[in-house]
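Work through the exercises below with the model open beside you. Try each task before you read its solution.

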Amino acid sequence: LIGIGGGTIMDLAKGISVLMNNPGPGIQYRGMNKVKKKPVPFLAVPTTAGTGSEVTWTAAFIDSVDKMKLGINGNNVAPSFAILEPKYLINSPTQIAVSAGLDSMVHAIEAVTAKTKNDITVMLGIHAYCLMFVNLPLFVKGKRDIDVCENLMLSAYIAGIAMMNAGGGPASGVSYPIGVHYNVPHGYAGGIMLPHVFDINISKGYKGYEPVFNHLKLVNPSDQHKSFIEAVNNFYELVNAPENFHEWNCKGSESIKFLTNLTMEQRNENLLLNPVDFFEDDVKNLLSRVC
């Protein structure tokens, strides 16, 4: 089986490959390591640079009945092979490239900071984040050569490995109900919140972003954390990323309350992986900045 496309297409192909060798409805395999038989050999060919689905053991789906986004996960879900062909990115619509790129950055940075991180996920996450940080603005401004596209694809691929081994934090967790209930593209759903997660964590005294901004060499040593936030905000301006979720009609106190409750019910495990305490009030604070 061959899946050519973005994360949605590759996840769909993963699910089909699983069901071709495992009986029954797909929903019974939702969770971790419930797929017992190896799937039909699956070749993943990404045409976007974001999800890293070509290398992960996760296939995410939305349950339209329960209104939840969950996955078929485990050792028998990952693709057998992947082909990274940078030429497929050259003509990507800019908005899709930006949304996908932000998804990669969420995976990368949360693999650096998660409580379940290790030396390898930190190393890979820093490299993946910085590849996207440097190359996505070049792509958006029209430098769509093979080298730039290759770096974007490598960022997504490496971030996928890092995230798969470390897990995701608040931006990943809150993005799920936002995507399900407001149809916000997944990359934007997490990526729009990411600078605010940085700010909240730093305000609580967290210093674990230092390896990232030291690698980028973009900050003023006199106030490193402030300079890092300024550099991140400048990056979002360069790639013309949305500042909030208003265009998807996700705004106001009702949306904030609704999404906070869903996050606490469905995605609390992501909050627990944050390097500093991230409570319900922090979710409200985060959402109040983008809704």
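## Exercise 1: The second largest cavity

About 40 Å³ of space lies in the second largest cavity. The model is a predicted one.

**Task.** Find which residues line the second largest cavity, and which helix gives the largest share.

**Solution.** 
Step 1. List the lining. Ile 109, Glu 110, Thr 113, Gly 169, Pro 170, Leu 194, Val 197, Phe 198, Asn 201, Tyr 209 and Asn 274 line the second largest cavity.
Step 2. H2 does, and so does helix H7 (194–203).
Step 3. Pick the largest share. H7 gives it, with four residues.
Step 4. Sort the lining by class. Six residues are nonpolar, four are polar and one is charged.

## Exercise 2: The largest cavity

**Task.** State how many cavities of 30 Å³ or more the whole structure holds, then describe the lining of the largest cavity.

**Solution.** 
Step 1. Start with the general idea. Rolling a probe the size of a water molecule over the atoms shows where empty space is left.
Step 2. Count. The search of the whole structure finds three cavities of 30 Å³ or more.
Step 3. Take the largest cavity. Its space is about 60 Å³.
Step 4. Name the lining. It consists of Thr 48, Ala 49, Leu 89, Ser 92, Ala 97, Ala 100, Gly 101, Met 132, Phe 139 and Leu 152.
Step 5. Assign helices. Helix H2 (94–113) and H3 each supply at least two residues of this lining. H2 has the largest share, three residues.
Step 6. Sort by class. The lining of the largest cavity has seven nonpolar residues, three polar ones and no charged ones.

## Exercise 3: H3 against H4

**Task.** Decide whether helix H3 runs roughly parallel or roughly antiparallel to helix H4.

**Solution.** 
Step 1. Read the geometry. Helix H3 (residues 119–140) and helix H4 (residues 146–166) pack at an angle of about 150 degrees, with their axes 8 Å apart.
Step 2. Apply the cut-off. Angles over 145 degrees count as roughly antiparallel, so H3 is roughly antiparallel to H4.
Step 3. H3 passes H4 in a left-handed crossing.
Step 4. Look at the residues that meet. On the H3 side they include Leu 124, Leu 131 and Phe 139, and on the H4 side they include Val 148, Leu 152 and Ile 158.
Step 5. Sort the contact of H3 with H4 by class. It has 16 nonpolar, seven polar and no charged residues.

## Exercise 4: H3 against H9

**Task.** Describe how H3 and H9 cross, and name the residues that make the contact.

**Solution.** 
Step 1. Read the geometry. The axes of H3 and helix H9 (residues 224–238) come within 9 Å and cross at roughly 35 degrees. The crossing is left-handed.
Step 2. List the contact. H3 brings Tyr 129, Met 132, Phe 133, Leu 136, Pro 137 and Val 140, and H9 brings Ala 231, Val 232, Phe 235 and Leu 238.
Step 3. Sort by class. The contact of H3 with H9 has 10 nonpolar residues, no polar ones and no charged ones.
Step 4. Link back to Exercise 2. Met 132 of H3 is in this contact, and Met 132 is also among the residues that line the largest cavity.

Key
Residues numbered from 1 in each chain as written. Predicted model: local features only at pLDDT ≥ 70, side-chain atom pairs only at ≥ 80, totals over all residues. Heavy atoms only, no water. Axes fitted to C-alpha atoms, helices over the stretch in contact; angles between N-to-C directions. Parallel < 35°, antiparallel > 145°, perpendicular 65-115°, else oblique. Left-handed = near helix turned anticlockwise from the far one by under 90°. Contact = heavy atoms within 4.5 Å. Nonpolar A, V, L, I, M, F, W, Y, C, P; charged D, E, K, R; others polar. 1 Å grid on protein atoms, 1.4 Å probe; cavity = no way out; pocket = protein on both sides within 12 Å on 5 of 7 lines; lining within 4 Å. Points joined across faces, edges and corners; volume = space filled by probe spheres on them.
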